[in-house]
Amino acid sequence: MTTDQISQFEKKIIIRNIEREDFDKIIALQNICFPNMGPWKLDQLESHVRTFPDWSNVRRARR
């Protein structure tokens, strides 16, 4: 496969720090990905962001 052929599968992504407004979506995603486990609670997400501010981020494909 050539570089030009591979590039058709590339996506631009945005990486940013998690914000409080993301918590409901994170919990919803946890429920989908891990249906047999309880999702993190809001205080756990808040603690995670405070403890690991540089490692708490979200990624999404640029539209």
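In these legends, a contact between residues means heavy atoms within 4.5 Å. The model shown is predicted.

**Figure 1. Overall fold of the predicted model.** The secondary structure of the protein comprises three helices and two strands. Read from the N terminus, these elements follow the order α-β-α-α-β. The radius of gyration is 16 Å, well over the 11 Å that the globule rule gives for 63 residues, so the protein is more spread out than a compact globule. The C-alpha trace spans about 45 × 30 × 20 Å along its principal axes. Of the 63 residues, 14% count as buried.

**Figure 2. The largest nonpolar core.** Five residues form this core: Ile-18, Phe-23, Ile-26, Ile-27 and Leu-45. Helix H2, which covers residues 23-33, gives the most to the core, with three residues. When residues up to four places away in sequence are not counted, Ile-26 touches Ile-18 and Leu-45. In soluble globular proteins, nonpolar side chains tend to be buried together.

**Figure 3. The surroundings of Gln-30.** Gln-30 is found in helix H2. With a relative accessible area of 17%, Gln-30 counts as buried, because buried means under 20%. Leaving aside residues up to four places away in sequence, Gln-30 touches Pro-35, Pro-39 and Trp-40.

**Figure 4. The largest pocket and its lining.** About 340 Å³ of space lies in the largest pocket. Its lining consists of 17 residues, and those nearest the centre of the pocket are Ile-18, Asp-22, Ile-26, Asn-57 and Val-58. Ile-18 and Ile-26 also belong to the largest nonpolar core.

**Figure 5. Elements and residue classes around the largest pocket.** Strand S1 (13-17), helix H2, helix H3 (42-51) and strand S2 (57-61) each supply at least two residues of the lining. Sorted by class, the lining holds eight nonpolar, four polar and five charged residues.

Notes
Residues are numbered from 1 along each chain as its sequence is written. This is a predicted model: local features need pLDDT of at least 70, side-chain atom pairs count only at pLDDT 80 or more; totals for chains, interfaces and linings use all residues. Side-chain values use heavy atoms; hydrogens and water are left out. A nonpolar core is a set of buried Ala, Val, Leu, Ile, Met, Phe, Trp, Tyr and Cys residues joined through side-chain atoms within 4.5 Å. Buried means under 20% relative accessible area, exposed over 50%, partly exposed in between (1.4 Å probe, protein chains only). Helices (H or I, at least four residues) and strands (E, at least two) are DSSP runs, numbered from the N terminus. On a 1 Å grid over the protein atoms alone, a cavity is a set of points where a 1.4 Å probe fits but cannot get out, and a pocket is an open set with protein on both sides within 12 Å along at least five of seven lines; lining residues have an atom within 4 Å of a point. Grid points are joined across faces, edges and corners, and a volume is the space filled by probe spheres set on the points. Ala, Val, Leu, Ile, Met, Phe, Trp, Tyr, Cys and Pro count as nonpolar, Asp, Glu, Lys and Arg as charged, and the others, Gly among them, as polar. The radius of gyration is taken over C-alpha atoms; the globule rule is 2.2 Å times the number of residues to the power 0.38.
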